[in-house]
Structure formats: C-alpha cells, structure tokens
Amino acid sequence: MTLWQNISYKIKYTQSKLFLLIGINVAVYLLINIPAVFEQLFVSGFGNSRIIAFSHEYLQLPAQFNELLHRFWTPVTYMFIHADIFHILFNMLWLYWMGQIFEEYLGHKRTIGLYLMGGLAGAFFFVLAFNTIPAFEGANASVVGASAGVMAIIIATATLLPDYTIHLFLFGPVKLKWLAIFYILIDFLSMAGSNAGGSIAHLGGALLGFIYIKRLQRGSDWVGNVNNLFKPKPKMRVVSKNPEKTASSYPAQDEIDRILDKISQSGYDNLTRQEKEVLFRASKDER
C-alpha cells in the first residue's frame with residue numbers, strides 16, 4: 001500500500017490515537033507549506049510568503065490580550081502549527097516514542113485529551129507570563145508548536161514510570177525521570193533566551209502532565225471525565241413486553257450497556273463468546 005494508505009489504515013483501524021495526532025499535525029504543516037513553497041518560487045520570492053504570514057497571524061497564539069480576544073481560537077490552533085520542518089519532525093518523533101509507552105500502560109483513550117490539555121496549559125502559562133512578568137512587558141510575542149502537548153505526555157509518562165529505561169543514541173540507557181529533569185531544566189534556563197515563550201509553554205504542559213498523573217494515582221481522572229462528555233449513549237434498550245417473563249430471564253440493563261460500550265470502543269469482533277450470547281438473548285427478549 002502507498003504511504004498515505006498506510007497512514008489512513010493506522011488512523012482508522014488501530015486503537016492508538018498517536019497516528020491521528022501525528023496525521024493532523026503533518027497534514028496542517030503540508031497544507032500550509034507546500035503552497036507556500038510554490039508561492040515563494042514563482043511569485044513572492046524567498047522569505048516573503050503571504051500564505052505563511054496569514055497562517056501565523058490567524059493560527060498562532062498571541063501574548064497580548066487584545067489580540068487574543070480577536071483570535072480566541074488560537075489556544076487550540078497554535079498546537080498544530082510548526083515553524084519549520086525540524087520543529088515538527090522532533091515534536092512528532094517524541095510524541096510517537098513517548099506516546100507508545102504512555103498508551104502501553106494507560107491505554108489509548110487518554111492520549112488526545114492529555115495532548116490538548118497540555119497544549120491549553122502551555123497557552124495559559126505563556127499568556128500569563130507575558131502579561132505579568134516585568135521582563136516581558138510590552139513584548140509582541142507569539143508561540144506555535146505541539147511542544148506543550150508533547151511535554152505533557154513526556155512528563156506524565158516519566159511521572160508514572162520514573163525508572164522506565166529507554167536507549168538513546170550516543171547516551172545509551174536512560175531512565176525517564178532523568179530525561180524529564182533534563183528537559184525541564186533546559187526549558188527553565190531557556191526562559192531568558194530568544195525562545196522564552198516556547199520554553200514557558202513547555203513548562204506549562206510539563207506541569208499539567210505531572211499534576212495529571214498525581215491526581216490519577218489518587219483516583220481523579222480529568223481526561224477520562226472529559227472523554228465521558230463525548231461518549232455515545234447506548235441506543236439499545238431492553239424492555240420486557242412479556243409479563244410472564246421474570247427479571248432473571250433476560251440480561252440486566254447494566255450488562256447490556258457495558259457490552260454496547262465495548263462494541264463502540266473496540267468493535268463487535270472483540271466480544272467474548274459469552275458477551276455475544278448475552279447480546280443475542282437481549283435482542284430476542286426485546287422482540
């Protein structure tokens with residue numbers, strides 16, 4: 001199959017949400033930058049792309065409140081926009097590597113929610129810092145990139161599995177806790193550099209990922225609660241129309257709802273034989 005068919009297959013038929021996130025980021029980048037290359041080659045000249053300027057003006061996250069009020073959608077759109085090819089490449093690689101570990105231990109349902117929450121936390125810290133810290137007063141700054149959402153997943157994974165070891169090129173085996181500390185330290189030191197806004201957004205995403213896992217370990221699942229808001233309601237209801245039937249002659253409604261939820265999440269083929277029999281009996285009883 002072609003590359004695009006392979007990506008489409010993985011998005012549609014694998015439970016992992018990483019390919020969906022990566023696919024959206026890559027698609028947005030290509031939709032902006034492929035036309036921009038032709039524009040610069042044949043129309044505007046290098047470094048004068050109106051397409052890129054327009055996309056950055058309307059999709060990147062501004063620091064000033066007056067601009068943000070007129071671009072209220074940018075706290076979401078900025079996390080799918082990237083400055084250049086290396087920016088998106090490294091973000092997507094880290095999302096894929098760390099996201100696989102995250103989903104291995106916490107499942108695939110929380111990936112998108114944590115990515116979005118990390119991105120929103122990064123946006124909040126960025127805007128807050130540039131409007132409260134004296135060093136940034138009057139700065140006309142903006143930020144783009146998936147880094148805050150990716151950092152949320154990296155730090156969440158490291159918080160959950162601090163001693164999990166990965167092998168890095170040139171460095172060998174490294175525990176996730178040391179990797180997390182290294183990235184946080186780099187971003188903290190970079191707050192005084194040319195990419196201060198990006199570093200602040202990274203730290204916001206990192207803090208969200210850390211707090212999320214700590215709360216999850218105490219039984220509070222923010223991302224799970226958000227997902228439940230969009231969870232489809234079971235349409236099938238089991239109602240006995242035969243007064244001679246007793247309550248024990250057909251499955252309990254809670255059991256039917258659980259099986260229907262499982263079908264919506266992983267498909268009918270993943271039901272056990274017993275679950276299929278329960279669903280079959282329920283459908284006969286309703287008729």
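How many salt bridges does a search of the whole structure find? The search finds 4 salt bridges. The structure is a predicted model. A search of the whole structure also finds 12 aromatic pairs, and a nonpolar patch of about 960 Å² of accessible area is formed on the surface.

**Salt bridge between Asp221 and Arg110**

- Aspartate 221 forms a salt bridge with arginine 110, and their closest N and O atoms are 3.0 Å apart.
- Aspartate 221 belongs to the loop between helix H10 (196–217) and helix H11 (222–229), while arginine 110 belongs to the loop between H6 and H7, so the pair ties together parts that are 111 residues apart in sequence.
- Aspartate 221 counts as buried, because its relative accessibility is 15% and buried means under 20%.

**Salt-bridge network around Asp163**

- A network of salt bridges links Asp163, Lys175 and Lys177.
- Aspartate 163 is partly exposed at 45% relative accessibility.
- Lysine 175 is partly exposed, with a relative accessible area of 34%, and lysine 177 is partly exposed, with a value of 29%.

**Aromatic pairs**

- A search of the whole structure gives 12 aromatic pairs, and the rings of phenylalanine 54 and tyrosine 58 form a tilted pair because their planes stand at 40 degrees, with centres 4.6 Å apart.
- Phenylalanine 54 and tyrosine 58 are 4 residues apart in helix H3 (residues 50–59), so about one helical turn separates them.
- Phenylalanine 54 is exposed, at a relative accessible area of 53%, whereas tyrosine 58 counts as partly exposed at 28%.
- The rings of tryptophan 94 and tryptophan 97 have centres 5.4 Å apart and planes at 85 degrees, so this pair is edge-to-face.
- Tryptophan 94 and tryptophan 97 are 3 residues apart in helix H6 (residues 85–106), and about one helical turn separates them.
- Tryptophan 94 is buried, with a relative accessible area of 15%, whereas tryptophan 97 is partly exposed, with a relative accessible area of 42%.
- Ring pairs join Trp94 and Trp97 with Phe182 and Tyr183 in a cluster.

**Nonpolar surface patch**

- Val26, Leu30, Ile34, Val37, Phe38, Leu41, Phe42, Val43 and Phe46 make up a nonpolar patch on the surface, and together they have about 960 Å² of accessible area.
- Valine 26, one of the patch residues, is located in helix H2 (residues 18–44).
- Valine 26 is partly exposed, at a relative accessible area of 33%.

- Threonine 111 is found in helix H7 (residues 111–132).
- Threonine 111 counts as buried, with a relative accessibility of 0%.
- The side chain of threonine 111 is joined to that of glutamate 103 by a polar contact of 2.6 Å.

- In the model, the span of residues 76–99 is 71% helix and 0% strand, and its end C-alpha atoms lie 20 Å apart.
- The span of residues 168–186 is 58% helix and 26% strand, with its end C-alpha atoms 17 Å apart.

Conventions
Residues are numbered from 1 along each chain as its sequence is written. This is a predicted model: local features need pLDDT of at least 70, side-chain atom pairs count only at pLDDT 80 or more; totals for chains, interfaces and linings use all residues. Side-chain values use heavy atoms; hydrogens and water are left out. Rings of Phe, Tyr and Trp (its six-membered ring) pair if their centres lie within 6.5 Å; planes under 30 degrees apart count as stacked, over 60 as edge-to-face and the rest as tilted. Helices (H or I, at least four residues) and strands (E, at least two) are DSSP runs, numbered from the N terminus. Buried means under 20% relative accessible area, exposed over 50%, partly exposed in between (1.4 Å probe, protein chains only). Patches are made of residues with over 30% relative accessible area and no salt bridge: like charges are joined within 9 Å, nonpolar side chains (Val, Leu, Ile, Met, Phe, Trp, Tyr) within 5 Å. Accessible areas come from the Shrake-Rupley method with a 1.4 Å probe; for residues, only the protein chains shown count as cover. A salt bridge is a side-chain nitrogen of Lys or Arg within 4 Å of a carboxyl oxygen of Asp or Glu. A polar contact is a pair of N or O atoms within 3.5 Å; within protein, one must be able to donate a hydrogen and the other to accept it, and residues adjacent in sequence count only if both atoms are side-chain atoms.
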